[in-house]
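Please read them beside the coordinates.

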Amino acid sequence: MAKKIYSLLVVLVAAILLVACGSSNTKDSSSQADAKWEKIKKTGTLKVATSGTLFPQSYHNDDNELTGYDVEIIREIAKRLDLKVDFVEMNVDGMLAAIDSGQIDVAGYSIEKDSKNAEKFLYTTTHKYSFSSMVVRQSDDSGIKTLEDLKGKKAAGASTTSYMKVAKKFGAELVIYDNVTNDVYLQDVANGRTDVILNDFYLQTMATKALPDIPVKVLEGLYYNPSEANFALKLDNTTLQAKMNEALEDMRQDGTLTKLSEQFFAGEDVSKEKDYDFEKIDVSDVE
């Protein structure tokens, strides 16, 4: 009987220690996150990575000024948090590395909630809802009617994106680009250097309309993978995440997100969730 009581006491003590440790870890994490936020407030600047080449979310206008849906959302969030913004332009891989190193606070990069990266980074609430499509040549649709037709085709895109993983899953040859502008992507499809670009429907629609002289188009009817766009932060930056989410919710409620969306997406409100009934392609097994 004494042994049983002793064993029970050991278990209870262990449980108490685990709870205490868990509580201590939570407090430590919270304190670190608060300290990071206080540091940002003290400098008065939010450091943000963006592509600068992704029309109409992050691009340079005719006056070479950085603007776009994502860019102006970040500027509005910073304004509401009484901060200035320091934008740094880089590609996707550079953004994620910059978050890890602490070079930046926020990346204008959408982390899919079911991807491996979802476990490595924090992300803000959704500010854009969309789905995937393909840009092909106008003359022959680049020989693509179904996803299976991607086999052997040259697919253009940035490395490690979910779009390129879909292309790889269906047997396409990947042609990697490093943060180039839309005209470069589209011209290469038109001249046959590549065959197809897998990307976001709204981005592709806007890009092809903005560059009508390039003989490419969004392939009608072949849509897949409903998606959500957000901003990425370092895993321990929970206080900044909460502040940004609060600002985003206020912007949603007061109509700011809708106004910005309609400004950059030709009247479309991409900030509101829609019921897209498209095929979801699992690329979790694609490296």
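Which residues does Gln-57 touch, not counting residues up to four places away in sequence? The first point takes this up; the model is a predicted one.

1. Surroundings of Gln-57. The contacts of Gln-57 are Thr-67, Gly-68, Tyr-69, Asp-70, Val-71, Lys-128, Leu-203 and Phe-265, with residues up to four places away in sequence not counted. Gln-57 belongs to the loop between S1 and strand S2 (59-60). Its relative accessible area is 5%, and Gln-57 is therefore buried, the cut-off being under 20%. Gly-108 is 51 residues from Gln-57 in sequence, and the C-alpha to C-alpha distance of the two is 9.3 Å.

2. Strand S7. This strand covers residues 128-137, and 10 of its 10 residues are buried. S7 pairs with S10 in the antiparallel sense over 4 bridges. Strand S12 (residues 224-229) is also antiparallel to S7 and is joined to it by 4 bridges. Individual positions can be checked in the viewer: Ser-133 has Asn-199 of S10 as its bridge partner, Ser-132 has Tyr-224 of S12, and Arg-137 stands opposite Val-216 in S11. As a general point, side chains in a regular strand alternate between the two faces of the sheet.

3. Strand S10. S10 spans residues 196-200, and 5 of its 5 residues are buried. Besides the antiparallel pairing with S7, S10 runs parallel to strand S8 (residues 154-157), with 2 bridges between them. Ala-156 has Ile-197 in S10 as its bridge partner.

4. Helix H6. Residues 201-210 form H6, a mostly covered helix in which 8 of 10 residues are buried. The buried residues are Phe-201, Tyr-202, Leu-203, Gln-204, Thr-205, Met-206, Ala-207 and Thr-208. Their cover includes S7, helix H5 (182-190), S10, strand S11 (216-218) and helix H8 (256-264). At the start of H6, the backbone nitrogen of Tyr-202 has a side-chain oxygen of Asp-200 within 3.0 Å. Leu-203 of this helix is also one of the residues that Gln-57 touches.

5. Aromatic pairs. How many aromatic pairs does the structure hold? There are 13. In one of them, Phe-131 and Phe-201 have ring centres 4.6 Å apart and planes at 20 degrees, so this pair is stacked. Because Phe-131 lies in strand S7 and Phe-201 in helix H6, the pair ties together parts that are 70 residues apart in sequence. Phe-131 is buried at a relative accessible area of 6%, and Phe-201 is buried at 18%. Another pair, Tyr-177 with Tyr-185, is tilted, with 4.7 Å centre to centre and 40 degrees between the planes. Tyr-177 is buried, its relative accessible area being 7%, and Tyr-185 counts as buried at 13% relative accessibility.

6. Aromatic cluster. Tyr-69, Phe-131, Phe-201, Tyr-202, Tyr-223, Phe-265, Tyr-276 and Phe-278 form one aromatic cluster. Among these members, Tyr-69 and Phe-265 are contacts of Gln-57, while Phe-201 and Tyr-202 are buried residues of H6. The cluster also includes Phe-131, which was placed in strand S7 above.

7. Helix H3. Which residues of helix H3 (residues 92-101) are buried? They are Val-92, Met-95, Leu-96, Ala-98 and Ile-99. Seen down the axis of H3, these residues fall within an arc of 160 degrees, so they line one face of the helix. They pack against strand S1 (45-50), strand S5 (106-107), strand S6 (121-123) and strand S13 (232-234). Just after H3, Gly-102 has a positive phi of about 85 degrees.

Technical notes. Residues are numbered from 1 along each chain as its sequence is written. This is a predicted model: local features need pLDDT of at least 70, side-chain atom pairs count only at pLDDT 80 or more; totals for chains, interfaces and linings use all residues. Side-chain values use heavy atoms; hydrogens and water are left out. Buried means under 20% relative accessible area, exposed over 50%, partly exposed in between (1.4 Å probe, protein chains only). Two strands pair if DSSP finds at least two bridges between them. Contact means heavy atoms within 4.5 Å. A polar contact is a pair of N or O atoms within 3.5 Å; within protein, one must be able to donate a hydrogen and the other to accept it, and residues adjacent in sequence count only if both atoms are side-chain atoms. The arc is that of the directions from the helix axis to the C-beta atoms. Rings of Phe, Tyr and Trp (its six-membered ring) pair if their centres lie within 6.5 Å; planes under 30 degrees apart count as stacked, over 60 as edge-to-face and the rest as tilted.
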